[in-house]
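Please look over the model shown below before reading on.

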Amino acid sequence: MKFMLDIVTVTAISAGAFFFLAGTVGLLRFPDTLTRLHALTKADNLGLGLVVLGLLPQAGSLRGGFKLICVWLLVLLAGATVSQLIARAALANEANGQRGRPRTRARQDGSPT
Amino acid sequence: MTIAAALETVLAALILAIAIWTIAARETFAAVAGFVVYGLLLALVWVRLEAVDVALTEAAIGGGLSGVLLLGAAARLRATETRAVMERPDKILRLGAAILSATVAAGLAAGVLLLTDPAPTLASAAATNAAATGLGNPVTNVLMAFRATDTLLEKVVLLLALVGVWSLASDRLWGGFPGPRHQADPLGALAFLARLLPPVGIVVGIYILWAGANHPGGAFQAGAILAAMWLLVMMAGLTDVPPVSSRRLRLVLIAGPGVFLVVGLGGLCFGTAFLAYPVASAKPLILGIEAAMTLTIAVTLGLLVAGAPERRDGQ
Amino acid sequence: MSAATVFGLCSAAAAGLGLYGLIVNPEPLRKIIAFNLLGSGIFIIFGVVARRGAAAALGADPVPQALVITGMVVAFSATALAVALVLRLFQGAGSTTLDADAPASAGTDPTDA
Amino acid sequence: MPEFMTAVLGFILAMLALGLIRVLRGPADADRMMATQLIGTAGIASLLLLGTVTGVPATIDVALTLALLATFASIAFIKKGSASAPESTEGG
């Protein structure tokens, strides 16, 4: 039984890690703000969900498992809402052209890295 | 090098990178975004250092409230950035500052390296005296019993800071409403979140307060969560900030320290010393103080983020 | 090198960076952020001391932890007060410049009217 | 099992570090907020893993707090646009 549970954990957490990878790649590679939002809304929340799923067998107590699920639900709710709000703000900024600078300037805008 | 050690090195490197970015970033907004991430990673560090109470505080303050405070200010001050760039100090001053900072950092690092390991500790003392309060969380014991005066004065500092913020209002606006009035969009996503999240947040906050007796948690962390929920409802425009002249508001603000003081003086009158709890009723007393404290902390933090009075009327 | 040492060295560097930013950055808000950076570095060093003081089945010495929590509360209230001061300065002077002989633009303070 | 989880934890931290690049480069503030949001999710995941690895169950409470509050910076970011508009008339 223990072994089976560990199998579940390993598979789910590995899948979760993969989705985090996908989300990050999307965040970095997608061309503009609104497409990058997909990385935020979909891949990462799914990744966290899978990690939570994988941790459930290891949670030990029922309360621990319940709290794990609560964490995921909260992140889902907040992530979905906030990403929609960010999309609106991004659109508004593009409209009155405040901060939505063209992509070509991304590098000058850059960083010590 | 074990995998755990590698992990810690990665985490430390990340934190350093963000720290550099927070200082070097061109735009204030970018620096604030970096600072929010910095607070998030610090929570990880605190967990790694087995200080979960502190991690909770860091998550609530660094991850949440500071971000709101600084982002709001950055948004309002954006206009002044271009001017400020011209005031960048000259090379000599920058060099001197770099040398000074490097010396300080080196001194701190030396302190870290030379400090005796294991360091002198009061952990055993705290553990042996834990029975006096009946609480299982040593940090809560230290905060609420062994060094209760610090905590009492800390709450007074919070109040003083709030009085300071309020007193920045111009005479005309004194007693008015803090911060700008946020327009409500009753059907918007933000209003939806502001209706759905606070109930959950209140439950979590009370849970953190209750867990604080025997597990990591406590009044301040709970208060910070409640404050964030209140701010969310205010930012969504579902409710307005109460005017600072409201008497009910001010009663809530002094409730926590008031209860704390009364209990402390009770210890002075009927017990052995100021804030000396009778062993039999130590736990209920402490929990009572913490409950009152949580309410006060929530309101104080919320108002600290809301800022100085800026409107005479509720519009 | 133990975990505590790694984080201790990292936080020492962070504190140094914070001090540098506090001196060099001209914008008050940036100075506030740098000040927080400096403070957090010192807090982590407290955490390192607490971790090394682990005893009596406690993961870390509770006294420094309690001190750090108190310190965080005070640091936050100080930050809030500082931010409010900067905003008020901006209202009154129309800019947040800190050098005395800088030409201040027209004040936007409603009380002036 | 702990080794595996620590490895995944390191991996997610690496992803988090890559997400930082977006915070650094922007270009738009919306991108920065978005990256902060995503880093928050990754941070919560790594907190949960860390808590299981180090066997500190209370870590879940930290993750819970973060899950509640990680969005607040973004919300303040969204509000700044609409809230800063009336300020000019109100005197800030």
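Buried area is the accessible area, taken with a 1.4 Å probe, that two parts lose on being put together, summed over both. This is a predicted model, in which local features need pLDDT of at least 70 and side-chain atom pairs count only at pLDDT 80 or more, while totals for chains, interfaces and linings use all residues. Residues are numbered from 1 along each chain as its sequence is written, chains are lettered from A and ligands numbered from 1 in the order in which they are written, and side-chain values use heavy atoms, with hydrogens and water left out.

Between them, chain B and chain C bury about 7,400 Å², and 78% of this lies on carbon and sulfur atoms. On the side of chain B, B:I23, B:L49 and B:L168 supply 10% of the area buried against chain C, more than any other three residues. Counting contact as heavy atoms within 4.5 Å, 92 residues of chain B touch 81 residues of chain C.

How many salt bridges are there between chain B and chain C? The count is zero, where a salt bridge is a side-chain nitrogen of Lys or Arg within 4 Å of a carboxyl oxygen of Asp or Glu.

Helix α3 (residues 52–77) of chain B gives the most to the side that touches chain C, with 13 residues. Helices (H or I, at least four residues) and strands (E, at least two) are DSSP runs, numbered from the N terminus. By class, this side of chain B has 60 nonpolar, 13 polar and 19 charged residues. Here Ala, Val, Leu, Ile, Met, Phe, Trp, Tyr, Cys and Pro count as nonpolar, Asp, Glu, Lys and Arg as charged, and the others, Gly among them, as polar.

Chain B itself has twelve helices and two strands. Its C-alpha trace spans about 65 × 60 × 35 Å along the principal axes. An automatic or database domain assignment sets the domain bounds, and chain B is divided into domain 1 (1–88) and domain 2 (132–315). The contact between them takes ten residues from domain 1 of chain B and 16 residues from domain 2 of chain B.

These two domains of chain B bury about 1,100 Å² between them, 74% of it on carbon and sulfur atoms. In domain 1 of chain B, the residues that lose the most area to domain 2 are B:D53, B:L56 and B:L65, together 49% of what that side buries. One salt bridge is counted between the two domains of chain B. B:E310 forms a salt bridge with B:R76, with 3.0 Å between the closest N and O atoms.

Over all chains, the salt bridges come to seven. A:R36 and D:D31 form a salt bridge whose closest N and O atoms are 2.1 Å apart. A:R36 lies in helix α2 (residues 33–55) of chain A and D:D31 in helix α2 (residues 29–54) of chain D, so the pair joins two chains.
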